[in-house]
Amino acid sequence: MFFSAQQNTSVLDLQISGAKSDKGVVRILVFDSENGYPDQLELAVKSLTIPIVKQKCTVKINDLKPGNYAISVIHDEDSNGALNTNPFGYPLEKYGFSNNAKAYFSAPPFSKAAFELKSEVKTIQIQLR
């Protein structure tokens, strides 16, 4: 008896816009739970560093299983691997989240940035703030 292997991954087409300049890179973290969200690299299911062209970037992520995810993004202008902040903790570099969830005094909760990814191609647009 033969069983056909069914493709059990999805494609995420991520489009990021609103970078301040083409300097540095965009750093992307993809999480499948609240654990580590939004900035603990070692707990992200996917971590990407993408160059910026004309103040935007796009990337296709091809190996995510269907499920719920949330994405956090920073425009790391000085390529130091971190979101620069002032002494009061206010971000000096642009950032964003899936669903364009708004950050008020801290990152939005996972539930506000979460989206469902099925066995499909899903486009997510994030506008950096």
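Select Arg27 first: this residue is partly exposed, with a relative accessible area of 24% (buried means under 20%, exposed over 50%, partly exposed in between, using a 1.4 Å probe and protein chains only). Keep in mind that this is a predicted model, where local features need pLDDT of at least 70, side-chain atom pairs count only at pLDDT 80 or more, and totals for chains, interfaces and linings use all residues. Residues are numbered from 1 along each chain as its sequence is written, and side-chain values use heavy atoms, leaving out hydrogens and water.

Arg27 and Asp76 form a salt bridge, with their closest N and O atoms 2.6 Å apart (a salt bridge is a side-chain nitrogen of Lys or Arg within 4 Å of a carboxyl oxygen of Asp or Glu). Because Arg27 sits in strand β2 and Asp76 in strand β5, the pair ties together parts 49 residues apart in sequence (strands are DSSP runs of E, at least two residues, numbered from the N terminus).

Next, select Glu77 and Lys20. Their salt bridge has its closest N and O atoms 3.7 Å apart. Glu77 is in the loop between β5 (67–76) and β6 (95–97), while Lys20 is in the loop between β1 (10–17) and β2 (25–31), 57 residues away. Glu77 is partly exposed at 22%, and Lys20 is partly exposed at 47%.

Finally, move to Lys46 and Asp63, a salt bridge at 2.9 Å between the closest N and O atoms. How many salt bridges does a search of the whole structure find? The search finds 4.

Key:
Helix = DSSP H or I, 4+ residues; strand = E, 2+ residues; numbered from the N terminus.
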